[in-house]
Amino acid sequence: ELLKDEGGFLYDLESYAGSAIKKYVIGTPEDNPGYILTFMSTPLNTYMMRLAEVYLIAAEAILGNNASTTNADALNYVNAVRARAGLDEVTSLTWIDILNEKRIELAFEGRFWGELVRWSYFDQSGASAYVLGQNRGHFNWEN
């Protein structure tokens, strides 16, 4: 979808962590005729807060300090976000479930660092273990 007039941009999926994303990467005016007038200019809005984020915050507020919840409102909020993404409904929620929903929903929007910092205020060892357990790009395609 990028640099089509030059044959397109290809991404080597076997490089680094095997990830590829094109969120908010718009390309050139030739890649988007009629929508983009100059390079890296776009009519897309920059999101400050989206309804999905409000839903996830509300679900977390309903959960409060409980270990888990089956509260109908919390489940409706999270399941609305999941349904829009084509995912199955959940029937119970924990704080880590909501955190992971936020991480996926807000990917590449620069929001997750704040969630990690907030987590570290009440569970520093849990937040540290979460970060240390992440894939750092040492991907082994043979296993």
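A residue counts as buried when its relative accessible area is under 20%. Trp 119 has a relative accessible area of 6%, so Trp 119 is buried. Keep that residue in mind, and note that this is a predicted model.

Trp 119 sits in helix 4, and Trp 95 sits in helix 3. Helix 3 covers residues 95-105 and helix 4 covers residues 112-122. They pack at an angle of about 160°, and their axes are 10 Å apart. Angles over 145 degrees count as roughly antiparallel, so that is the term for helix 3 and helix 4. Their crossing is left-handed.

Which residues make the contact? From helix 3 they are Trp 95, Ile 96, Leu 99, Lys 102 and Arg 103. From helix 4 they are Phe 112, Glu 115, Arg 118, Trp 119 and Phe 122. By type, six of the contact residues are nonpolar, four are charged and none is polar.

Now the rings. The structure has five aromatic pairs. One of them joins Trp 95 and Trp 119, edge-to-face, with 5.0 Å from centre to centre and 65° between the planes. The two residues are 24 apart in sequence, so the pair ties helix 3 to helix 4. Trp 95 is buried as well, at 16% relative accessibility.

Another pair is Phe 112 with Tyr 130, which is tilted: 6.0 Å between centres and 50° between planes. Phe 112 is in helix 4 and Tyr 130 is in helix 5, residues 124-132, so to speak 18 residues apart. Both are buried.

Finally, ring pairs link Trp 95, Phe 112, Trp 119, Phe 122 and Tyr 130 into a cluster.

Technical notes:
Residues numbered from 1 in each chain as written. Predicted model: local features only at pLDDT ≥ 70, side-chain atom pairs only at ≥ 80, totals over all residues. Heavy atoms only, no water. Axes fitted to C-alpha atoms, helices over the stretch in contact; angles between N-to-C directions. Helix = DSSP H or I, 4+ residues; strand = E, 2+ residues; numbered from the N terminus. Parallel < 35°, antiparallel > 145°, perpendicular 65-115°, else oblique. Left-handed = near helix turned anticlockwise from the far one by under 90°. Contact = heavy atoms within 4.5 Å. Nonpolar A, V, L, I, M, F, W, Y, C, P; charged D, E, K, R; others polar. Phe/Tyr/Trp six-rings, centres within 6.5 Å; stacked < 30°, edge-to-face > 60°. Buried < 20%, exposed > 50% of the residue type's maximum accessible area, 1.4 Å probe, protein only.
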